[in-house]
Amino acid sequence: MRTPQATGTAPDRADRPLLAGGLLVGTGLADVLAAYGMLRSGPFMVLSRGGLYPVDVTAWAWLHLAVGAAVGLAGLAAVTGRRGAATVAIGCAALALAVDLLMLPYAPIRVVLVAAVDAAAIRLLLRHRRATGRAG
């Protein structure tokens with residue numbers, strides 16, 4: 001067990017990129033699995049006053065698949081702590097956050113949970129960058 005006195009740094013500063021990377025890998029995996037599910041299922045059915053309309057979300061599923069894979073890889077890169085990895089991870093997480101929020105009407109519970117975890121990972125990475133004094 002390490003202590004702050006033994007290493008000279010606070011444990012939470014050293015663990016922020018590890019936690020943020022793990023969170024991003026988890027949300028990337030969730031997006032990939034959700035995209036796979038959307039690709040395997042039929043269209044969403046929307047009920048309105050005019051009747052029942054099918055909404056095909058295949059293009060959104062492929063977008064989720066690509067963004068989820070990018071977020072997962074960026075999370076793995078953030079764990080390494082290499083220069084610029086945090087910036088790439090923040091950018092990918094922000095993109096995933098935007099794409100997830102566009103799917104809010106179709107999967108509200110999953111979107112809210114994944115968006116909250118993405119926002120927490122972005123916050124952790126920003127705090128880590130500020131604490132270490134690196135801009136990229």
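What we have is a predicted model, in which local features need pLDDT of at least 70 and side-chain atom pairs count only at pLDDT 80 or more, while totals for chains, interfaces and linings use all residues. Residues are numbered from 1 along each chain as its sequence is written, and side-chain values use heavy atoms, with hydrogens and water left out.

Let me start with valine 79, which sits in helix H3, residues 58–80, where a helix is a DSSP run of H or I of at least four residues, numbered from the N terminus. Valine 79 is partly exposed, since its relative accessible area is 37%, and that term covers the range between buried, under 20%, and exposed, over 50%, with a 1.4 Å probe and protein chains only. Beyond its neighbours within four places in sequence, valine 79 is in contact with Pro17, Leu18, Gly21 and Gly22, contact meaning heavy atoms within 4.5 Å. The buried residues of H3 include His64, Val67, Val71 and Ala78, and just after the helix glycine 81 takes a positive phi of about 75 degrees.

Turning to the pair, helix H4, residues 85–102, packs against helix H5, residues 108–132, at an angle of about 160 degrees, taken between N-to-C directions on a scale from 0 to 180 degrees, with axes fitted to C-alpha atoms over the stretch in contact. H4 is therefore roughly antiparallel to H5, a label for angles over 145 degrees.

How values were computed: Helices (H or I, at least four residues) and strands (E, at least two) are DSSP runs, numbered from the N terminus. Angles under 35 degrees count as roughly parallel, over 145 as roughly antiparallel, 65 to 115 as roughly perpendicular and the rest as oblique.
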